[in-house]
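Student: I'd like to take a close look at one part of this model with you. Could you walk me through it slowly?

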Amino acid sequence: MVGSFYMSESTVEALLPRNCSDIPFLLFGSFVLPKRIAFVPSRKRVAVRSSLDDTGVNVLSKEFEFKPSFVEYLKELESVKVDRDKVGDTVNVRSKTREKRGGVHEVSSVRETASKGGFVKRKVLPNERNEEVTSVIKVVSKEGYVKRRVMPNEDSLYHESATEEVKKKRNGVIKKFDGKREHDDAIWERAAFRSMESEDDVVGKKRVTRADKEDRIQKLAKCINGADIDMPEWQFSKMMRSAQIKYTDYSIMRLVQTLGTLGNWRRVLQVIDWMRSHERFKSHKLRYVYTAALTALGKARRPVESLNLFRAMLEQMSSYPDIVAYHCIAVTLGQAGHIKELFDVIDTMRAPPKKKFNTPFLDKWDPRLEPDITVYNAVLNACVQRKNWEGAFWVLQQLREKGQQPSCATYGLVMEVMLACDKYNLVHDFFKKVQKSYIPNALIYRVLVNTLWKEGKIDEVTRAVDEMERRGIVGNAALYYDLARCLCSAGRCEDALKQLNKLCRVANKPLVVTYTGLIQACLDAGYVENGAYIFSHMQKFCSPNLVTCNIMLKGFVDHRRYQDAFELFLKLLENSGSICGDSDYKGRVIPDIYTFNAMLDACFAEKQWDDLEFAYAQMLEYGHHFNVKRHLRLVLDSCRAGRDKLLEMVWNHLVKVGRLPPTPLVIELLRKKLENDNATAALSCLVESHSEDSSALTQKSWSNFFVENGSRFKEATLNELIRKGSCSEKVAVKHLIESCKEFLQNRRTSSWGKTRFKETGVFV
């Protein structure tokens with residue numbers, strides 16, 4: 001049934017809400033006003049037409065006209081509110097078939113249900129053309145907002161309870177978007193297409209605080225730092241994704257900074273590579289991430305990797321270096337002494353970008369910068385490493401051209417350059433310039449102390465430090481450490497120990513490091529007694545570590561104090577022998593391979609063969625192995641001195657660990673067995689050794705062996721060797737037997753050899 005009524009324009013505007021499209025229908029009294037309203041071109045009246053079904057709802061077919069009275073207007077609004085509550089819970093509205101447009105015939109059925117809670121459900125039934133069925137749920141809140149929820153129906157392709165045939169059909173649906181093939185399942189997996197009722201929806205979840213986010217970043221950094229260095233890329237990517245972190249510029253920057261603090265620069269580069277390969281993490285402040293990576297690489301002293309990363313920053317506008325990035329790369333290159341690369345960085349600062357960037361909104365973007373005092377100080381650091389005094393004067397010239405006064409730190413670095421180049425007079429000249437403009441700091445006084453030390457002016461060193469203290473300048477730990485070492489090198493160890501009281505007030509390093517440096521200074525100057533005195537004095541305040549003991553042991557060995565060295569070695573063995581648990585490692589020193597090598601050299605130099613065998617046995621017991629370069633000479637010389645125990649010990653060790661013995665060791669052992677008339681053992685050691693350098697065991701080498709050592713072997717022993725080795729298939733054994741036969745034949749044909757054989761029974 002179709003009806004119409006008329007009302008004034010002002011009444012309609014007052015009744016209708018501002019957003020009419022969000023309300024499916026309006027109820028006026030006992031009639032239903034549809035969503036679509038047709039306005040007839042008239043000034044005072046509006047025609048409203050509706051199509052209703054036979055549900056018993058009254059349809060107005062006559063004309064109404066409201067008077068412009070506010071009282072009547074309120075009555076009409078009240079009637080709308082009363083009649084709306086009288087409407088049934090269910091109203092079925094069926095629309096007629098639409099006309100065909102462009103060959104497309106669409107038939108749909110709409111069923112709307114109004115509940116008391118304000119929810120309106122609209123179910124769209126499937127038609128012949130459209131097989132997808134969805135449920136549209138509209139929720140009208142009290143504030144007037146309308147929320148739509150689109151849910152797949154049970155018969156839809158995307159419902160969880162779909163049949164196998166429907167799933168196969170769904171799996172075969174593939175869409176193309178921007179040249180990429182993307183499956184429908186991947187689309188519905190996205191958060192934008194998920195239902196509001198899904199469990200992993202972000203709506204309603206607690207917001208992750210910054211503290212929780214920082215804790216997750218710290219856990220991820222520790223996990224990455226402790227992982228295997230050869231971990232495959234897919235496993236690293238899985239570890240990054242499983243951290244439950246929303247990767248932004250800040251989170252990646254914090255991850256890089258944490259890895260840099262842990263000192264794992266390899267993982268820093270791996271995180272940067274992972275960030276580049278994942279396009280979904282679009283970065284808007286990539287420069288900050290790269291700058292944090294440059295800082296981490298600089299702390300690890302990796303200039304090559306830092307330079308490669310810096311060059312990668314020049315390829316993008318978002319990562320183009322700023323002054324902070326230039327400072328990081330300059331300091332890293334300066335500490336490594338790369339002057340040429342540092343000058344290239346300065347040229348990059350002053351020049352426009354080589355790559356043209358698309359800057360439609362930044363027409364005046366100019367990244368060119370001028371080097372500041374930090375960059376120039378980095379150049380001076382590089383000059384110290386390279387001992388290039390011309391670079392120091394270039395820096396001063398650049399500052400003069402810019403009208404800048406060199407700072408006190410700049411003058412101190414210039415003095416260090418001159419000290420490294422052995423230009424002591426220039427050091428004193430620059431020190432006078434500093435006194436005219438600034439108050440010299442501890443860095444400058446340290447350079448002055450080292451200069452006077454190298455000049456041999458020990459008394460002037462102490463006067464310079466006293467003058468500094470009178471002026472109220474607090475010296476740093478490096479200054480007092482160099483002063484104490486200077487006094488130790490002059491044989492004044494008592495005065496050096498007095499400086500430790502001042503050093504302990506400002507020191508950051510452990511006290512054992514300071515004592516070790518003083519002992520090394522005494523030993524370098526030849527004062528072994530002073531070194532031993534400081535070594536015993538330090539045990540009142542701190543326990544010496546392994547480095548201190550090794551330095552003291554090496555000092556005793558170098559100065560031919562074998563008895564003191566051996567006593568110290570025995571003391572180290574006693575300390576390690578009393579260790580029963582992990583808590584016993586504190587304050588106790590365990591000898592390492594350097595300790596054993598120093599003791600072996602001392603025993604060999606003093607021809608103490610018993611101590612040499614004892615020390616070598618202890619070395620094998622502590623888990624250290626035979627070193628061909630260091631130990632082969634000791635073994636051969638001890639054998640020539642008549643000590644065979646060390647040779648047997650080394651041979652048994654190599655057989656036990658499955659290592660191939662070197663050729664000289666095989667020849668020496670064979671010689672020993674033949675001298676003892678044990679041809680079977682000599683042949684077995686050659687057969688079972690499988691020497692690495694089997695090519696060295698040629699017939700010529702065996703001939704030389706018999707010529708040099710033939711007088712030590714008996715004829716019966718050699719005949720037995722020939723008889724038992726004739727059936728061997730090893731090439732080295734065949735060469736040995738042929739050389740032995742040739743040697744015996746040559747001796748038998750010699751008359752002198754025959755006569756000698758009759759008298760002594762030994763071939764010569």
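Student: At roughly what angle do the axes of helix H20 (residues 493–506) and helix H21 (residues 511–524) cross?

Tutor: Happy to look at that pair with you, keeping in mind that this is a predicted model. The axes of H20 and H21 cross at roughly 150 degrees, and they come within 12 Å of each other. An angle over 145 degrees counts as roughly antiparallel, and H20 and H21 are therefore roughly antiparallel to each other. Their crossing is right-handed. Now for the side of each helix that takes part. From H20, the contact is made by Leu 497, Leu 500, Leu 503 and Cys 504; H21 contributes Leu 511, Thr 514, Tyr 515 and Leu 518. Sorted by class, seven of these residues are nonpolar and one is polar, while no charged residue takes part.

The average pLDDT of the chain is 76, and 68% of the residues score at least 70. Helix H11 (residues 323–336) has the highest confidence, at 95, whereas strand E2 (residues 26–28) has the lowest, at a mean of 39. Two stretches call for care: pLDDT stays under 50 over residues 17–67, where the model has 97 contacts beyond four places in sequence. It also stays under 50 over residues 87–158, with 88 such contacts in the model.

How values were computed
Residues numbered from 1 in each chain as written. Predicted model: local features only at pLDDT ≥ 70, side-chain atom pairs only at ≥ 80, totals over all residues. Heavy atoms only, no water. pLDDT = per-residue confidence, 0-100. Helix = DSSP H or I, 4+ residues; strand = E, 2+ residues; numbered from the N terminus. Contact = heavy atoms within 4.5 Å. Axes fitted to C-alpha atoms, helices over the stretch in contact; angles between N-to-C directions. Parallel < 35°, antiparallel > 145°, perpendicular 65-115°, else oblique. Left-handed = near helix turned anticlockwise from the far one by under 90°. Nonpolar A, V, L, I, M, F, W, Y, C, P; charged D, E, K, R; others polar.
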